[in-house]
Amino acid sequence: MPLFGSKKEKKAKVGVDAGGAPVETTKIIELYVDSINNITRKTDVVGEIDPYVIVYANDIVVGKTKPVNNTNSVVINELFVFKSKGDPITTKLRFELMDKDDIGDDDEVGSGGFNPAVEESLDNQLVHLKYKGKDIGSLSITMKIKEILLV
């Protein structure tokens, strides 16, 4: 007797347990740091900066991207996944663009913020970066809020 394709095959439904009762879910944030764009501030004497981004959610470090050597624009496509306390749409994001240095401390190049609660879309957003009040370039980001099952 075949197990698959028979009339006795059980249909599974997402979001309910085997008895049909709803299961608990939670919302997570997927934050994509897509690219660093047109950085005009130089912190190195020779060449371009070696940029990486420190990502903050509600003033807590979520992670940082890998440094890229000698460039002022680069596609990085790095993903950060986290759960925010409360409604994810109210999570305030902050980004610090840094210049990786082999000798001495890394240099801050600029910073910017993103408040998803005031945006119409969370896809392909530009975060304008500033240093001492001056525009120095931007980041491209995408934020997704996803509901997942707790098992």
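**Loops, hairpin and core**

Modeller: Beyond residues up to four places away in sequence, Lys66 touches Pro51, Tyr52 and Glu78. This is a predicted model.

Colleague: What makes these touches of Lys66 count as contacts?

Modeller: The test is distance. Heavy atoms must lie within 4.5 Å. Pro51, Tyr52 and Glu78 are listed as touching Lys66, so each has heavy atoms within that limit of Lys66.

Colleague: Where does Lys66 lie?

Modeller: Its place is the loop between β3 and β4.

Colleague: Is Lys66 buried or exposed, and how do you know?

Modeller: Its relative accessible area is 60%. Exposed means over 50%. Lys66 is therefore exposed.

Colleague: How far apart are Lys66 and Ser138?

Modeller: In sequence, 72 residues apart. In space, 17 Å, C-alpha to C-alpha.

Colleague: Why is Asn58 called partly exposed?

Modeller: Asn58 has 36% relative accessibility. Buried needs under 20% and exposed needs over 50%. The value of 36% lies in between, so Asn58 counts as partly exposed. Asn58 sits in the loop between β2 and β3 (60–64). Its phi is positive, about 50°, although Asn58 is not a glycine.

Colleague: What makes Asn124 exposed?

Modeller: Its relative accessible area is 59%. The cut-off is over 50%, so Asn124 is exposed. Asn124 belongs to the loop between β6 and β7. Phi of Asn124 is positive, near 45°, and the residue is not a glycine.

Colleague: How do you know that β7 and β8 pair?

Modeller: Pairing takes at least two bridges. β7 and β8 have 7 bridges, so they pair. The sense is antiparallel. Lys130 stands opposite Asp135 in β8.

Colleague: Which residue in the hairpin of β7 and β8 takes a positive phi?

Modeller: Lys132 does, with phi near 50°. This hairpin has 2 residues between the strands.

Colleague: Which residues touch the most other members of the largest nonpolar core?

Modeller: Leu31, Phe95 and Leu97 do, in a core of 25 residues. Strands supplying at least two core residues each include β1 (25–37), β5 (93–99) and β8 (134–149).

Colleague: What does Leu97 touch, not counting residues up to four places away in sequence?

Modeller: Its contacts include Ile36, Ile39, Ile49, Val53, Val109, Leu129 and Ile136. Pro51 and Tyr52 are also among them. Lys66 touches Pro51 and Tyr52 too.

Methods: Residues numbered from 1 in each chain as written. Predicted model: local features only at pLDDT ≥ 70, side-chain atom pairs only at ≥ 80, totals over all residues. Heavy atoms only, no water. Core = buried A, V, L, I, M, F, W, Y, C linked by side-chain atoms within 4.5 Å. Buried < 20%, exposed > 50% of the residue type's maximum accessible area, 1.4 Å probe, protein only. Helix = DSSP H or I, 4+ residues; strand = E, 2+ residues; numbered from the N terminus.
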